[in-house]
Structure formats: C-alpha cells, structure tokens
Amino acid sequence: MIFFIADLHLSPRSPGATALFLHFLAHRARKASALYILGDLFEAWIGDDDDDPYHASLIAALRAAADSGLAIAVMPGNRDFLLGAAFAAAAGVQLIADPTVLTADGWQFVLAHGDALCLDDQAYMTFRAQSRSPAWAAAMLAKPLPERRRLAARMRMESIASQHGQPCADLQAAATDDFLRAHGYVTFIHGHTHQPARHDHIVDGIHVERWVLADWREERGECLVWDGAALKREAILPAS
Ligand code: MN
C-alpha cells in the first residue's frame, strides 16, 4: 500500500493535527510500504538550522517511522519550500521534486503540491518565481534565525490579512490539461487547494483522474490509499 497526504500545516498552534499526525506515523502509516507527503507538512519552515523543539519532535517521529521500514518522501509545499538536505538526513526521509512521476504497484501517478498550476493568482506566481530561486533561498538562509522568525510571522500575518498567499480555489484548467498531457495522462494527485475532490479530465480524448487531497484539521486528517488496484480516501480521526 502507498499512502498520500498533504497540507497538514503543522505548527505549535495546531496541537490537534499534530497529535493526529504523530499517532498516524506511529500506527496506521506503518501498514504502508511508502508514505508520500505532498507539500505543506509544516505551516512554516525557516531553515534546517532552526533549533525549534517543536520541529525537533516531529523530525524524531519521522525518523522513528523511517527506521521502522516505512519509506517517506517529502515534497516541499508553498509554506515549507525551504526544507533541505539537513532536514531530510535528520528525519530519514527523501526530498522529492515538484512534480514527481511515481511508478509503483502496477500504476503510474504524477505527484505535485498544486500551487504551480494556480496561474490565475498573478501576485502569488510572482512571489513563487522569486522565492524559489537559489539566490532568494541563500539570502534568506543567511539571515540570523531571530530575523527569519520575525519575517515568517510577518508573512503569515500578511497572508491572513490580505488572503494573498492563500490557496487558490482550483488549478487553472488549461494549464492542468497541458500538465496532464506533458506527463503522459497518468493519474494526478495533488494538494494545496484544500478542496478534496476527484476530477475527471478528458485530455486529447483520454480520461485522466485528478485527486485533490484534503488538508488536515484539528479533529480530522485524511490519507489517500493506493492498494494496488484503486485509490480510496481514509479519514484520520483522534484515537478513542
Ligand atoms: Mn499549499
């Protein structure tokens, strides 16, 4: 079995979602052969050198699951795109590119966070292009940690106040068809929009499924399960 999750947006302000994820990692996830985390595992990531104890506890939990035999792949999202090699080594996970084509258990998928296809939000796309450049990342990571913490808090407040940086309602249709064509019409799995759904696309006469992962809330998470024959959604609920 392969599990797919996204948009947990974990932070010290989401103790419920954090508890759900820790329980999931220690129990349900270990029934899978691989876990794909498709972006925004963390609400914010200011650099692998951050010594924040909350993040350290999550890295330890990922490492324990990886050491138990679970293969964990982490794709950076629009919130945690500064995740780097030191994080991956400490957590025992593999960082994967956005997008990534996955061939496994008799099927092919293309995996993405989803924000790269939110082309109608021009302000966000401009920010995305700037912030993904190696120069932007290097300049950010060169700042002292307290300054990066202040910047992250300010960016969060700005996104709450203006809605700028919030996920778009859905991917741009024409760009999505081009994306599906470019990746050989394989099943597309992504997150980011927080609008869980299964969309049916007809591209060049070919039926292509697009599955949108749910975001995690304080009382409920969700995992998409590939059992070798079909995809199905599974709720992650507080342990009773
Ligand atoms: Mn996102």
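Predicted model: local features only at pLDDT ≥ 70, side-chain atom pairs only at ≥ 80, totals over all residues.

Q: Why are the residues of a strand listed in two sets?

A: In a regular strand the side chains alternate between the two faces of the sheet. For β10, the count of buried residues is 6 of 6. C223 is an example: its relative accessibility is 0%, so C223 counts as buried, the limit being under 20%.

Q: Which strands pair with β10, and in what sense do they run?

A: Strand β1 (residues 2-5) is joined to β10 by 3 bridges, and the two run antiparallel. Strand β11 (residues 231-236) also pairs with β10 in the antiparallel sense, over 6 bridges. W226 can be followed into both partners: I2 has W226 as its bridge partner in β10, and L231 in β11 stands opposite W226.

Q: What is found in the hairpin of β10 and β11?

A: There are 4 residues between the strands, and G228 takes a positive phi near 100°.

Q: How do I read aromatic pairs, and how many are there?

A: Ring centres must lie within 6.5 Å, and planes over 60 degrees apart count as edge-to-face. By this rule the model has 13 aromatic pairs. One of them joins F21 and W216, with 6.2 Å centre to centre and 80° between the planes, which makes the pair edge-to-face. It links distant parts of the chain, since F21 belongs to helix α1 (residues 15-26) while W216 sits in the loop between β9 (206-212) and β10 (221-226), 195 residues apart. F21 and W216 are both buried. Ring pairs also link W226 with F4, Y36, W107 and F109 into a cluster.

Q: Which residues touch the most other members of the largest nonpolar core?

A: A core is a set of buried nonpolar residues joined through side-chain atoms. The largest one here has 40 residues, and F21, F24, I37, L62, I72 and F87 touch the most other members. The elements giving two or more residues to this core include β1, α1, α2 (53-67), β3 (71-75) and β10. The largest share, 7 residues, comes from α2. I37 touches I5, L8, F21, L62, I72, A73, V74 and M75, leaving out residues up to four places away in sequence. Apart from this core lies another, of 19 residues, with I96, F109, L213 and W226 among them.

Q: Which residues donate to the manganese ion?

A: The protein donors are D40 (OD), N78 (OD1), H113 (NE2) and H192 (ND1), at 2.1 to 2.3 Å from the ion. Their spacing in sequence is D-x37-N-x34-H-x78-H. The two histidines come from distant parts of the chain: H113 is in the loop between β6 (107-112) and α4 (122-131), and H192 is in the loop between β7 (187-190) and β8 (197-203), 79 residues apart. H113 and H192 are both buried.

Q: Which cysteines form a disulfide, and what is its handedness?

A: The whole structure holds 1 disulfide. C118 and C168 form it, with their sulfur atoms 1.9 Å apart. The torsion about the S-S bond is about -50°, so the disulfide is left-handed. C118 is in the loop between β6 and α4, and C168 is in the loop between α6 (145-162) and α7 (173-182), 50 residues apart. Both ends are buried: C118 has 3% relative accessibility, and C168 has a relative accessible area of 16%.

How values were computed:
Residues numbered from 1 in each chain as written. Heavy atoms only, no water. Phe/Tyr/Trp six-rings, centres within 6.5 Å; stacked < 30°, edge-to-face > 60°. Buried < 20%, exposed > 50% of the residue type's maximum accessible area, 1.4 Å probe, protein only. Pairing = 2+ DSSP bridges. Donors = N, O, S within 2.8 Å, 3.2 Å for Na, K, Ca; no water. Core = buried A, V, L, I, M, F, W, Y, C linked by side-chain atoms within 4.5 Å. Contact = heavy atoms within 4.5 Å. Disulfide = S-S within 2.5 Å.
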